[in-house]
Amino acid sequence: MCGIVGYIGGQEACPILMSGLKRLEYRGYDSAGVAVIQKGSLEIRRCKGKLSALEWDLGQRPVSGVTGIGHTRWATHGKPSEENAHPHQVGDVAVVHNGIIENYAALKKELMAAGRVFSSETDTEVIAHLVDQGLKEGLDFEVALQQTLSRLQGTYAMVVINAARPDVLLAAKSASPLILGLGEDENLVASDVPAIIAHTRRVIVLDDFDYAVIARTSVQIKTRSGEPVSRPIREVQWTPAMAEKGGYKHFMLKEIFEQPRALADTLAGRVAVNAAEVRFENFGLTEERLRFFTSAAIVGCGTAYHAGLVGKYMLEGLARVPVSTDIASEFRYRDPILGPETLLILISQSGETADTLAALEEGRRRGCSVLSICNVMDSTITRKSDEVIYTRAGPEIGVASTKAFTCQILVLFLLTMLWAKARGTLSGAQLKSRFQAALHLPSLVEDMLKQADQVHAVARKFYKQPGFFFIGRGVNFPVALEGALKLKEISYIHAEGHPAGELKHGPIALIDDRMPVVVLAARNAMFEKVLSNLEEVAAREGKIIAMVNPGDEKEIKDKASDIIVVPQTLPELTPILLTIPLQLLAYHVAVLNGTDVDQPRNLAKSVTVE
């Protein structure tokens, strides 16, 4: 997830671009850059790091012009560096891009064979080369973009400028967000409203496969084939502060609702259904190498640890790999039994968690190969790991992790499929059916989010209660732990997660008619067992909030105070769907209690001390 801004008008472009990028920095902050057409040529400034570094560079080397583009980056292809920062220039063409070009490797190989030289590791640079190639062949600027779009597979929001055409910006969209801002004697384009709201409230939201020809006093929108189309003009009512959060009250709520897109990005280009293959980029763990490992050790902290517990159930149940799971702060102090035949899997959103880094060093001392699952490219943990799989969740601003957690589970699912194929524990047909279910997951999460109002109503009933229980069995038990963690960390209400079968071994003593108990009763092999545990809670007059699959409401309607229906999917993917209402429940309980949702007391986003 990156931030894009483009401007064409009568004012100096650079200050407007920088102002817009500052309002989009929440979308990415590992590098930034601008390109401005100055006296018939491109002037580009790029820097690694936050926008303050780019501001300093522009102070030393200012640029001047009325047409330009800007970008703040969240790395997906290529480490954070000046070379990989956008805009990317080839000849008179400069491009900024948000998304993932799935066939970039094949396109890059073709372009290099034709003698073209690349200066970055990014997928975006192929776009600049393809447009430049079209111009060199004598095509009009717009036609060169059309030809380029026809060759791209994947997701994109892009803005392209041409030093020879300072009178126009070209923009295109497929899946990644892009809007046009209609001003007076000026027009803008951006990935989100905050970047343009200081200049105009009149916006057009581009549809997928649209491209736009943006001039100072006009905007034309066309389909990929060049047919003109009309899109409605909307009047934005948000304040600038609201706009930064996309109209949501808090970053956490915004990030909960970003999960369909985050999950789709995590899957993009990684699943080949017909070939029954998982294809992680720059990944050295071949099937032969995976067969070498006889066990895995998964390590994480907090939410990442809970994702690891879900991974344990998947890896052991489907790939038949023995797995240990550890909280990172305990790992190195228990003298773990590890060696070269154990794959150490570290999970961290930030890639800077001190305890997880210490676990990495402990694994190294014991001869382990290290695989990290991380959300931040080129973070310390990723640099020190042998292999890395990125979650592609995009920046997470709220301290309480939401979209990173569900993307971590999805990556662990893909890793399980890869390992199961290597070990021969799943057939090609079984793999294909699971891949199809995974590809359908983002739309199921969208369906789940449509029940937000119902979850809000549940929160209103119980937000004054002093404690909550969350129970589940099997692969859903870690989700109970995560639901309890979310509630306690942002609402400051005591909450416990338990395996449902453990209630009778002590916790059930706390259940009475004042205790809300969230029961994760999605249908799987242990469904009947969970219903039995639900009966135990009902017998003590606990207030049951049940989460079930469609058709199972009748089983518990007389026992539950509230029922939330969760779409049916594979048992191993169900934890992702169950997580959504738990996140919403925690959020709404916290808001009703008046706590600081995005920055809860005593907590930090990245824990960099032991």
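1. Phe209 sits in the loop that links strand 11 (202-205) to strand 12 (210-214); helices (H or I, at least four residues) and strands (E, at least two) are DSSP runs, numbered from the N terminus. Its phi is positive, about 75 degrees, although Phe209 is not a glycine. Phe209 is partly exposed, with a relative accessible area of 42% (buried is under 20%, exposed over 50%, partly exposed in between; 1.4 Å probe, protein chains only).

2. A word on the source: this is a predicted model, where local features need pLDDT of at least 70, side-chain atom pairs count only at pLDDT 80 or more, and totals for chains, interfaces and linings use all residues. Residues are numbered from 1 along each chain as its sequence is written, and side-chain values use heavy atoms, leaving out hydrogens and water.

3. Asp185 is another residue to look at: its phi is near 60 degrees, positive in a non-glycine residue. Asp185 belongs to the loop between strand 9 (179-182) and strand 10 (187-190), and is partly exposed at 40% relative accessible area.

4. Do check the cis peptide bond from His86 to Pro87, with omega near 0 degrees. Pro87 is in the loop between strand 4 (67-73) and strand 5 (88-90). Most peptide bonds are trans, and most residues other than glycine have a negative phi.

5. Now the sheet: five strands form an open sheet in the order 19-18-20-21-22, with parallel pairing (two strands pair if DSSP finds at least two bridges between them). At the edges are strand 19 (323-327) and strand 22 (387-390), each pairing on one side only. Four bridges join strand 21 (residues 369-374) to strand 22, and Ser372 stands opposite Val388 of strand 22.
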